[in-house]
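Here are a few exercises on helix packing and aromatic rings. Grab a viewer and work through them step by step.

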Amino acid sequence: MSAPGENLKINSERLWESLMEMAKIGPGVAGGNNRQTLTDEDAQGRALFQTWCEAAGMTMGVDSMGNMFMTRAGTDPDALPVYMGSHLDTQPTGGKYDGILGVLGGLEAVRTMNDLGIKTKHPIVLTNWTNEEGTRFAPAMLASGVFAGKHEQDWAYDRVDAKGLKFGDELKRIGWVGDEPVGARKMHAMFELHIEQGPVLEAEGKDIGVVTHGQGLRWIECTVEGKDSHTGSTPMHMRKNAGRGLALLTELVHEIAMKHQPGAVGAIGHIDVYPNSRNVIPGKVVFTVDFRSHLPEVLHAMEAEYYERAPQLCEEIGVTFSSEISGQFEPPAFDETLVGAVRNAAERLGYSHMDIVSGAGHDACWINDVAPTAMIMCPCVDGLSHNEAEEISPAWAAAGTDVLLHAVLETAQIVD
């Protein structure tokens with residue numbers, strides 16, 4: 001693979017202008033974005049992205065999950081494409097960069113190739129994956145999961161939001177059901193640029209995170225059931241307090257994760273308490289445990305210990321415990337050759353870098369099962385993400401995109 005020259009860099013001002021222009025669609029209430037998947041705002045963001053890509057000479061394909069594929073032709077019609085991209089959808093109180101940097105950074109890479117008349121043997125495809133966030137329609141990374149064969153399309157179409165609206169119906173409503181069979185495309189490689197969503201790179205003073213692994217994940221939806229009763233008139237020894245079960249299991253999750261340091265994490269996030277009245281002892285609590293590790297044996301050990309001890313703790317206080325998996329994937333190890341291309345690019349460009357494990361799930365984690373994949377990360381201020389105060393600097397955005405450009409060109413093979 002031929003390597004691009006060390007002086008080759010993107011137009012950082014143009015990249016930043018694109019990020020700010022996209023952020024005008026679906027503005028949040030506190031400076032971020034609310035551009036949830038398959039909303040009218042999502043449709044507007046897609047249309048703007050399409051306009052920009054077509055102006056850059058790319059042609060569009062859309063599959064039946066609404067994934068957008070924008071192609072820059074290569075010189076070899078038989079060569080498999082090199083993909084790059086991420087997602088344009090956001091959390092309800094999301095930032096301007098989570099996912100968006102990976103899509104618009106890819107666009108800027110293509111624009112730079114055009115500016116300099118660079119040709120590649122392999123076609124280059126820029127992707128916007130549908131419903132990465134999973135906020136409106138669970139689970140996260142839904143469309144890339146269907147693409148990778150992890151979910152059936154009919155099942156995905158039947159996912160409902162809080163108002164009972166179905167994914168398939170909303171995809172059709174906003175006009176983004178494509179005619180390509182999902183998953184039919186073949187890839188030579190895929191790169192995903194993303195903000196870190198954690199504090200490590202900033203704390204270490206590094207420009208680039210070379211992502212070697214993603215964390216495996218288990219989301220365990222748990223139900224603890226006791227008995228609703230009056231908080232004032234029910235004797236303490238006669239209570240069947242589901243809220244107390246939640247408290248014990250919250251501490252259990254923390255204890256299990258701490259046993260497997262460094263790197264493993266665990267917490268209880270989403271919680272629904274019933275009847276959720278100030279003077280009624282909770283009779284039922286439904287909550288989700290989130291365990292993550294980049295080591296399969298650690299992830300499995302945490303899960304096994306929780307399943308063993310959680311029912312026992314509940315039984316001891318007179319409540320019942322049940323659970324089911326609501327989301328899972330094994331820890332992905334990214335392709336060593338592509339990871340090397342990312343590392344080479346950072347070194348060639350003079351950017352400080354370090355190996356890092358992705359603490360969050362990304363579309364690349366699913367695509368890694370069907371094609372060689374790698375990720376590039378740039379810092380974000382205080383590690384804050386999924387928050388309207390999410391922030392990065394123009395220099396960080398440019399460095400990550402420079403590395404993306406170089407890694408993609410090395411892989412797609414520049415034609416002299």
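**Exercise 1.** Are α1 and α2 roughly parallel or roughly antiparallel to each other?

This is a predicted model, where local features need pLDDT of at least 70, side-chain atom pairs count only at pLDDT 80 or more, and totals for chains, interfaces and linings use all residues. Residues are numbered from 1 along each chain as its sequence is written, and side-chain values use heavy atoms, leaving out hydrogens and water.

Step 1: find α1 (residues 12-23) and α2 (residues 40-55), whose axes sit 10 Å apart at an angle of about 150°.
Step 2: angles over 145 degrees count as roughly antiparallel, so α1 and α2 are roughly antiparallel.
Step 3: look at who touches whom (contact means heavy atoms within 4.5 Å): Ser18, Glu21 and Met22 of α1 meet Gly45, Leu48, Phe49 and Trp52 of α2.

**Exercise 2.** Work out how α3 and α12 are oriented to each other.

Step 1: the axes of α3 (residues 100-116) and α12 (residues 394-412) come within 9 Å and cross at roughly 60°.

**Exercise 3.** Classify the aromatic pair of Trp129 and Phe147.

Step 1: rings of Phe, Tyr and Trp (its six-membered ring) pair if their centres lie within 6.5 Å, and planes over 60 degrees apart count as edge-to-face.
Step 2: Trp129 and Phe147 are 5.2 Å centre to centre with 75° between the planes, an edge-to-face pair.
Step 3: Trp129 and Phe147 are both buried (under 20% relative accessible area, 1.4 Å probe, protein chains only).
Step 4: zoom out, and Phe69, Tyr83, Trp129 and Phe147 form one aromatic cluster.

Note on methods. Axes fitted to C-alpha atoms, helices over the stretch in contact; angles between N-to-C directions. Helix = DSSP H or I, 4+ residues; strand = E, 2+ residues; numbered from the N terminus. Parallel < 35°, antiparallel > 145°, perpendicular 65-115°, else oblique. Phe/Tyr/Trp six-rings, centres within 6.5 Å; stacked < 30°, edge-to-face > 60°. Buried < 20%, exposed > 50% of the residue type's maximum accessible area, 1.4 Å probe, protein only.
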